[in-house]
Amino acid sequence: MSNNSEKGQAGAYRQDDTPITSTGPSTGTTTPSIHSGKGVDEKQIERVAERAILPDQLGSELSRQVRHKYASSYRKVFGAIFTINLAAFIGLIASAKGMPNSRDVGSAASANLLTCILFRQEEFVNLCYEIFVHVPHSWPLSIRKRLAKVFHYGGCHSGAGTAAVVWYILYTILATKDYIDEPLSDQLVNTITSWILVSMFAIILTSAHPDLRRKFHDYFEAFHRFAGWTALTTFWVHNIFSARVTARQWETSLGNVLIQSPNFWFICLSTCCTFASWSRLRHRTVYPEKLSDHATRLHFKYRGMAPFYGLKISDKPLTEWHAFATIPDIDPESGKINGFSIVVSNAGDWTKKQIMKSNERKLWVRGAPLHGLLYTSRLFHRIVVVATGSGIGPCLSLLFADVTPRRVFWSTREPNATYGPGVVAEVKRADPNAVIWNTHERGYPDIVREVYQLVHESNAEAVFIISNPKVTEKVVYGMTTRGVPAYGAIFDS
């Protein structure tokens, strides 16, 4: 997105002499207020539209690239975790005069491994969201817009995981040296299990590289899961034999060493976190509602679901999982939540299979419902919600919640034919003047310009977008470089 091209188009974006009245499906309109969805009179007051001038991007091209692309919050968190570990490593080396104790190094590795696992544990992640999101709107926007980046918590997961591998490589080198100096059987087992762990960690890290992860996603999931389970099992064996070595050196019992060992308690907590998710693996009945050959809506009735949650589902629980945002289902008679649904669009073999199957069936559900990006919208007074295609699915949960006043921009091909009149009605109920851009009729929009128009009309504090990686990056970059906080999904977290 070049600055020069945007400047050249700015003149065509000024207010015209001809009055334009509110018509709804075009950002050439303006409304008297932003809509909360409750008790809104659909007869809107017509006003003369004020077409916003798309401002220039802030800073130089280099500063924008560094600040808004390369120095993302995810990478900052990763860097902070790694810097903390580097400082601990230097301190340990200095205090031990260049020869650190293998037990201290092992404790550092275990602490990082626990941190890594915690940031994939549903209740812990939800707790982080609750802490960050429940601050008053009276706090300055400069603080709230930073708290909204809590969804970058994946940087803690990858940062701590990478640091754990580095620590553990150092531990394995020390353990190997100890075995060479004192070749006893328990030392041998400790060394072998250490090298097995390093091998498993290497597989996990390699498969998690963004390029490999995108190209071989199913293999990534398999490597990550099975190598992780193997590492956890090996960690227990290693922990016991490492404690035996220490017990022999200290001339005390194995139990006494384990109780005093941070490693033991770290691995206990890590194991509990892993079991907590998989112990809630259930086979649930799903009721499909085919919207078109491109999309379906899967309904679950086994429990109600509050807004702002997501869930993992699968038909092959050991090999692949797919995360979807849930939408509360309402009983038409009582008006109460009696289940939830997810919108699935054709994005690959698995999704296509779900769309083609119109019969009632069962799918696997794992773990607890998890908060996601859109939950942070509660931090703002007013927002603009942007979706392309099936990205409207996750947004329906936010629109149902009706917490934050918002405007909606939805760009998709034939919305009624593809997603059904029910979905379109839900969008219009949340924002009677929602901009539903039919790309079949109007072509692709200049989405940054159109979204900025809605920000201008509604005086919104932030923009939230659910789309594919390319459009998400374009909108987030286009807004943030103009001083508007914008948030989109992280695709390699």
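Predicted model: local features only at pLDDT ≥ 70, side-chain atom pairs only at ≥ 80, totals over all residues.
Local features require pLDDT of at least 70 and side-chain atom pairs count only at pLDDT 80 or more, while totals for chains, interfaces and linings use all residues. Residues are numbered from 1 along each chain as its sequence is written, and side-chain values use heavy atoms, with hydrogens and water left out.

Side chains of opposite charge can pair when their charged atoms come close. With a salt bridge defined as a side-chain nitrogen of Lys or Arg within 4 Å of a carboxyl oxygen of Asp or Glu, the count comes to 18. One of these joins Arg 280 to Glu 123, with the closest N and O atoms 2.5 Å apart. Arg 280 lies in the loop between α12 (262–278) and β1 (282–290) and Glu 123 in helix α5 (residues 122–133), so the pair ties together parts that are 157 residues apart in sequence. Helices (H or I, at least four residues) and strands (E, at least two) are DSSP runs, numbered from the N terminus.

Relative accessible area is classed as buried (under 20%), exposed (over 50%) or partly exposed (in between), using a 1.4 Å probe and protein chains only. Arg 280 is partly exposed at 26%, and Glu 123 is partly exposed at 37%.

Arg 248 takes part in a salt bridge with Glu 182 (3.0 Å, N to O). This pair links distant parts of the chain, 66 residues apart: Arg 248 is in helix α10 (residues 217–250), and Glu 182 is in the loop between α7 (154–181) and α8 (185–207). Arg 248 also meets Asp 186 in a salt bridge (3.2 Å, N to O). Here helix α8, which holds Asp 186, is linked to helix α10, with the two residues 62 apart. Asp 186 is buried, at 7% relative accessibility, whereas Arg 248 is partly exposed at 31%.

On the surface, Arg 67, Lys 76, Arg 146 and Lys 149 gather in a patch of positive charge. Patch residues have over 30% relative accessible area and no salt bridge, and like charges are joined within 9 Å. Lys 76 belongs to helix α3 (residues 73–95) and is exposed, with 52% relative accessibility.

Strands β5 (residues 327–330) and β6 (residues 337–345) pair in the antiparallel sense over four bridges; pairing requires at least two DSSP bridges between the strands. Asp 329 has Gly 339 of β6 as its bridge partner. Six residues stand between the strands of this hairpin, where Gly 335 takes a positive phi near 75°.

Terms used. Patch = residues over 30% accessible without salt bridge, like charges linked within 9 Å, V, L, I, M, F, W, Y side chains within 5 Å. Areas by Shrake-Rupley, 256 points an atom, 1.4 Å probe, with all protein chains shown as cover. Lys, Arg positive; Asp, Glu negative; His and termini not counted. Charge placed at Lys NZ, Arg CZ, Asp CG, Glu CD.
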